Amino acid sequence: MNWKRFVLHYLEMVLAMFAGMFLLGLITGRWDFGPEAGYLVMATNMSIGMAVVMLLRGHSWPRTLEMCAAMYAPALVAFPLFWAGVLDDHGLMMVTHVIMFPLMLAVMLFRREEYAHAHH
């Protein structure tokens, strides 16, 4: 396995995710969605950025969608903690972001051959 390519691919997806978050956030950041919907909008912005890069690089829709799911999955843990009062608004964003990066890595490790090779 080409670990250098794997790591570069991970970093590329993180950069694409942040680009989507910041660029689309210029539009969506103007509205107050509340904590839960705000996170879901931000996860969508990140997913769009990442999906564009993945599809341009030749990844399939199923692989792209499973990587995008890693943006939303942290809500399954963090939202109940928020609703129970364990997390405040800031804690909700912190926990979801801390969870999403290892989830992305887990998806990549599960499909390591997909991510260790160069695409288009």
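The side chains of Arg111 and Glu66 meet in a salt bridge, with an N to O distance of 2.7 Å. Arg111 lies in the loop between H5 and H6 and Glu66 in helix H3, so this pair ties together parts that are 45 residues apart in sequence. The model is predicted.

**Salt bridges**

- The count comes to three salt bridges.
- Glu66 also pairs with Arg63 at 3.0 Å, N to O; these two residues are three apart in helix H3 and are therefore separated by about one helical turn.
- Arg111 is partly exposed, with a relative accessible area of 26%.
- Through shared partners, salt bridges join Arg63, Glu66 and Arg111 into one network.
- A salt bridge of 2.8 Å, N to O, links the side chains of Arg57 and Glu12. Because Arg57 lies in the loop between H2 and H3 and Glu12 in helix H1, the pair ties together parts that are 45 residues apart in sequence.
- Arg57 counts as buried at 13% relative accessibility, whereas Glu12 is partly exposed at 27%.

**Helix H5**

- Helix H5 comprises the 22 residues 89–110; at 1.5 Å a residue it should span 32 Å, and its end C-alpha atoms are 32 Å apart, which agrees.
- Asp88 caps the N-terminal end of H5, with a side-chain oxygen 3.2 Å from the backbone nitrogen of His90.
- The buried residues of H5 are Gly91, Leu92, Thr96, His97, Met100, Met104, Val107 and Met108.
- Their cover includes helices H1 (3–28), H2 (35–56), H3 (61–72), H4 (74–83) and H6 (112–115).

**Helix H2**

- H2 has 22 residues and reaches 32 Å from its first C-alpha to its last, close to the expected 32 Å.
- Buried residues of H2 include Gly38, Tyr39, Asn45, Ser47 and Met54.
- H1, H3, H4, H5 and H6 are among the elements that cover the buried residues of H2.

- Phe6 lies in helix H1 and is buried, with a relative accessible area of 3%.
- Phe6 and Ala116 are 110 residues apart in sequence, yet their C-alpha atoms are 4.3 Å apart in space.
- Beyond its neighbours within four places in sequence, Phe6 is in contact with Met1, Leu105, Met108, Leu109, Arg112, Tyr115 and Ala116.
- Leu23, Leu26, Ile27, Trp31 and Phe33 make a nonpolar surface patch of about 560 Å².
- Leu23 also lies in helix H1 and counts as exposed at 57% relative accessibility.

Methods. Residues numbered from 1 in each chain as written. Predicted model: local features only at pLDDT ≥ 70, side-chain atom pairs only at ≥ 80, totals over all residues. Heavy atoms only, no water. Helix = DSSP H or I, 4+ residues; strand = E, 2+ residues; numbered from the N terminus. Expected span 1.5 Å × (residues − 1). Buried < 20%, exposed > 50% of the residue type's maximum accessible area, 1.4 Å probe, protein only. Contact = heavy atoms within 4.5 Å. Polar contact = N/O pair within 3.5 Å; in protein donor to acceptor, adjacent residues only side chain to side chain. Patch = residues over 30% accessible without salt bridge, like charges linked within 9 Å, V, L, I, M, F, W, Y side chains within 5 Å. Areas by Shrake-Rupley, 256 points an atom, 1.4 Å probe, with all protein chains shown as cover. Salt bridge = Lys/Arg side-chain N within 4 Å of Asp/Glu carboxyl O.
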